[in-house]
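Please read these notes alongside the model. They are meant for someone who has not seen it before.

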Amino acid sequence: MQALYIASTGMAAQERNVEVLSNNIANMRTTGFKRQRAEFQDLLYQSYRRAGAATSDTGTQVPVGIEVGSGVKVAATARIMSQGNVAPTEKSLDLAISGEGFFMIEMPDGSTAYTRDGTFERDANGQLVTVDGYAVQPGIVIPQDATSVSISRDGLVEAYINDGTAPVQLGQIQLARFANKAGLESLGDNLFRETPASGEAQIGVADTEGMGHLLQGYLESANVNAVTEMADLIAAQRAYEMNARVISGADQMLQATAQLR
């Protein structure tokens, strides 16, 4: 009976949906996390009678055909790149992006990764790095004798050296944006990588040409809404249960048929 296989695809799809939702909920407190959404497509159809088929020699046609689908599949797990809430941290090297853009991070292999997580630190050489020790591009080195560091809306980094009366410019943090942010590849560790689907990175200065501006002493929270995720999780569980009941009902029908034989 085809219903057994159709319902099994529904159970498999909802299982994957629950996995996506559980990952969203698990990352509710992850800085800069962007939630995902499972998107579904129906599978191929078996046509028993095609719409528009002739029913007589006079040209009459079937207005509606007979088609039976073969189930459902997960077509994509789209990442929702909406802005998360921005919260103060009182830490001078924490940065949040309000608006478009990603921080650029130099990976150990020399490639560039991108992130919305602005939890930055200074390494032993004074270089601005992520919590994993990866350098923020372009490289910013803060002198050991810097008494205070300020980062403006457009990413200009300045510091007072010793007892200097005027700040010294240390460099400027740049941002990258993409034509299709959802096309970025997730690497884990709050990092993304450019792909052909995302398009090439468009690098620019914060607070100009559509780029977001920087907020010093703030971090962007995950864009996960707990109430919405729980509601979606309950709906996925109900859909899974209904498909399981279809399988149970189809099995009972098969047993009844076997007994008649």
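Predicted model: local features only at pLDDT ≥ 70, side-chain atom pairs only at ≥ 80, totals over all residues.

1. Residues are numbered from 1 along each chain as its sequence is written, and side-chain values use heavy atoms, without hydrogens and water.

2. Rings of Phe, Tyr and Trp (its six-membered ring) pair if their centres lie within 6.5 Å; planes under 30 degrees apart count as stacked, over 60 as edge-to-face and the rest as tilted. The count by this rule is four aromatic pairs. In one of them, Phe-103 and Phe-120 have ring centres 5.0 Å apart and planes at 80°, so they are edge-to-face. Phe-103 belongs to strand β7 (residues 102–106), while Phe-120 sits 17 residues away in the loop between β8 (112–115) and β9 (121–122); strands are DSSP runs of E, at least two residues, and helices runs of H or I, at least four, numbered from the N terminus.

3. Tyr-114 and Phe-178 also pair edge-to-face, because their planes stand at 85°, with centres 4.9 Å apart. Both residues, Tyr-114 and Phe-178, are buried (under 20% relative accessible area, with exposed over 50% and partly exposed in between; 1.4 Å probe, protein chains only). Together with Phe-102 and Phe-192, Tyr-114 and Phe-178 form one aromatic cluster.

4. Helix α1 (residues 2–26) has 25 residues and spans 37 Å from first C-alpha to last, close to the expected 36 Å (1.5 Å times one less than its number of residues). Its buried residues include Met-11, Val-20 and Leu-21.
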